[in-house]
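Hi everyone, thanks for making time for this.

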Amino acid sequence: MTAEPSELCQSCARTHTAAQGCLSGIVLVCGSRKYRRWVRVKSALDSLAARMVVLGVRHGAADGADTWAGSWAQLRNVPEDPMAADWSRGKGAGPIRNQAMLDKGGVVCVVAFPPGPAGTFDMVQRAEAYRGRFDLAEA
């Protein structure tokens with residue numbers, strides 16, 4: 001069996017085989033408000049950007065992993081799409097926002113930074129329900 005040749009894709013400017021296809025879209029980031037590992041967020045998102053065209057970074061506009069994802073987007077000149085929860089709606093605001101981040105569309109990859117509290121766990125469960133539509137990576 002001969003390996004299929006990799007070629008520079010005119011659509012995504014990445015090298016991949018035709019079978020692999022090109023991957024471009026929005027990366028959704030979730031994680032704890034207490035997540036403080038900037039280097040880990042930067043490394044994970046840089047690694048993704050080396051394998052795909054990141055058209056945007058969507059996150060829940062909270063402290064921790066979300067803030068670091070926004071910092072990465074600014075550093076790399078990638079559009080940022082923060083979607084804050086409307087806490088006037090009560091405890092259900094987080095899950096409502098999590099679903100809205102998926103429903104808005106364009107997401108090709110979800111990156112979850114542990115340890116995940118209830119909100120991160122909810123986001124991962126929702127992402128897994130969409131599994132056929134994009135990749136889920138736990139960083």
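**A walk from the surface to the pocket**

Let's start with asparagine 77, which is exposed, at a relative accessible area of 71%. By the way, buried means under 20% relative accessible area, exposed means over 50%, and partly exposed is in between, using a 1.4 Å probe and protein chains only. Asparagine 77 sits in the loop between H2 and strand E5 (80-82). Those labels come from DSSP runs: helices are H or I with at least four residues, strands are E with at least two, and both are numbered from the N terminus.

Before I go on, two notes on the source. This is a predicted model, where local features need pLDDT of at least 70, side-chain atom pairs count only at pLDDT 80 or more, and totals for chains, interfaces and linings use all residues. Residues are numbered from 1 along each chain as its sequence is written, and side-chain values use heavy atoms, with hydrogens and water left out.

Back to asparagine 77. What is its phi? Positive, about 55 degrees, although this residue is not a glycine. In general, most residues other than glycine have a negative phi. Alanine 61 is not a glycine either, and has a positive phi of about 60 degrees. You'll find alanine 61 in the loop between E4 and helix H2 (65-75), and it is partly exposed because its relative accessible area is 39%. There is also glycine 105, which follows H3 and has a positive phi near 90 degrees.

Now zoom out. The protein has four helices and seven strands, and along the sequence the pattern reads β-β-β-α-β-α-β-α-β-α-β. It has 139 residues, and 40% of them count as buried. Take contacts between residues at least 6 apart in sequence: 66% of those join residues at least 24 apart. Contact here means heavy atoms within 4.5 Å.

Next, two helices, H3 and H4. They pack at an angle of about 35 degrees, with their axes 10 Å apart. The axes are lines fitted to C-alpha atoms, for helices over the stretch in contact, and angles run from 0 to 180 degrees between N-to-C directions. Which residues make the contact? From H3 they are Pro95, Asn98, Gln99, Met101 and Leu102, and from H4 they are Gly119, Asp122, Met123, Arg126 and Ala127. That gives five nonpolar, three polar and two charged residues. For those classes, Ala, Val, Leu, Ile, Met, Phe, Trp, Tyr, Cys and Pro are nonpolar, Asp, Glu, Lys and Arg are charged, and the others, Gly among them, are polar.

Look at asparagine 98, in helix H3. Is it buried or exposed? Buried, because its relative accessible area is 3%. Leaving out residues up to four places away in sequence, asparagine 98 touches Gly119, Asp122, Met123 and Arg126.

One more pair. Serine 32 lies in the loop between E3 and helix H1 (38-51), and counts as buried because its relative accessibility is 9%. Threonine 120, in helix H4, is buried because its value is 6%. How far apart are serine 32 and threonine 120? They are 88 residues apart in sequence and 6.6 Å apart in space, C-alpha to C-alpha. Threonine 120 also touches other residues, including Cys30, Gly31 and Phe113.

That brings us to the largest pocket, with a volume of about 200 Å³. Of its 17 lining residues, the closest to the centre are Gly31, Arg33, Arg97, Gly119 and Thr120. A pocket is an open set of points on a 1 Å grid over the protein atoms alone, where a 1.4 Å probe fits, with protein on both sides within 12 Å along at least five of seven lines; lining residues have an atom within 4 Å of a point. The volume is the space filled by probe spheres set on the points, which are joined across faces, edges and corners. H3 gives the largest share of the lining, five residues. By class, the lining has eight nonpolar, six polar and three charged residues.
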